Amino acid sequence: MALAVNDSNFNEVISGGKLVMVDFWATWCGPCRMLSPVVDEISQEMGDKIVVAKCNVDECDSTPVDYGIRNIPALLFFKDGKVVDRLVGAVPKATIIEKINSLL
């Protein structure tokens, strides 16, 4: 299961030594609901290699703004606390896995 992040714990989560994938989503977003089980699968399958987190944009005031989130779902990839890549929209699982492998 993906780790829930919010404004108070976000920086702590993305600053670890592993690659971190954060799913920015909202309950009212259809494509987000489609992507959610894929993100959970990736968390289970790759949880030993990466950290997978979810940030509900309706529950976070500053984090989505800080990272320029204008469209959701948005997957941001972090290394050492810095954004190294992003995917926007309900992208296929294979595309996400390919992106993760290229960043590891």
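Guide: Start with a pair of residues: valine 20 has phenylalanine 78, in S4, as its bridge partner. The model is a predicted one, in which local features need pLDDT of at least 70 and side-chain atom pairs count only at pLDDT 80 or more, while totals for chains, interfaces and linings use all residues. Residues are numbered from 1 along each chain as its sequence is written, and side-chain values use heavy atoms, with hydrogens and water left out.

Visitor: How do you know that S2 and S4 pair?

Guide: Strands here are DSSP runs (E, at least two residues; helices are H or I, at least four), numbered from the N terminus. Two strands pair if DSSP finds at least two bridges between them. S2 and S4 are joined by five bridges and run antiparallel, so they meet that definition.

Visitor: What makes S4 and S5 a pair?

Guide: Six bridges join S4 to strand S5 (residues 82-88), again in the antiparallel sense.

Visitor: Why is S4 called largely enclosed?

Guide: Buried means under 20% relative accessible area, exposed over 50%, and partly exposed in between, with a 1.4 Å probe and protein chains only. Five of the six residues of S4 are buried, so the rest of the structure largely encloses this strand.

Visitor: What is in contact with phenylalanine 78?

Guide: Contact means heavy atoms within 4.5 Å. Leaving aside neighbours within four places in sequence, the contacts of phenylalanine 78 include Phe10, Ile14, Leu19, Val22, Tyr67 and Val84.

Visitor: How do you know that cysteine 29 and cysteine 32 form a disulfide?

Guide: A disulfide is a pair of cysteine sulfur atoms within 2.5 Å. The sulfur atoms of cysteine 29 and cysteine 32 are 2.4 Å apart, so the pair meets the cut-off. A search of the whole structure finds one disulfide.

Visitor: Why is this disulfide called right-handed?

Guide: The torsion about the S-S bond of cysteine 29 and cysteine 32 is about 80°, which makes the disulfide right-handed.
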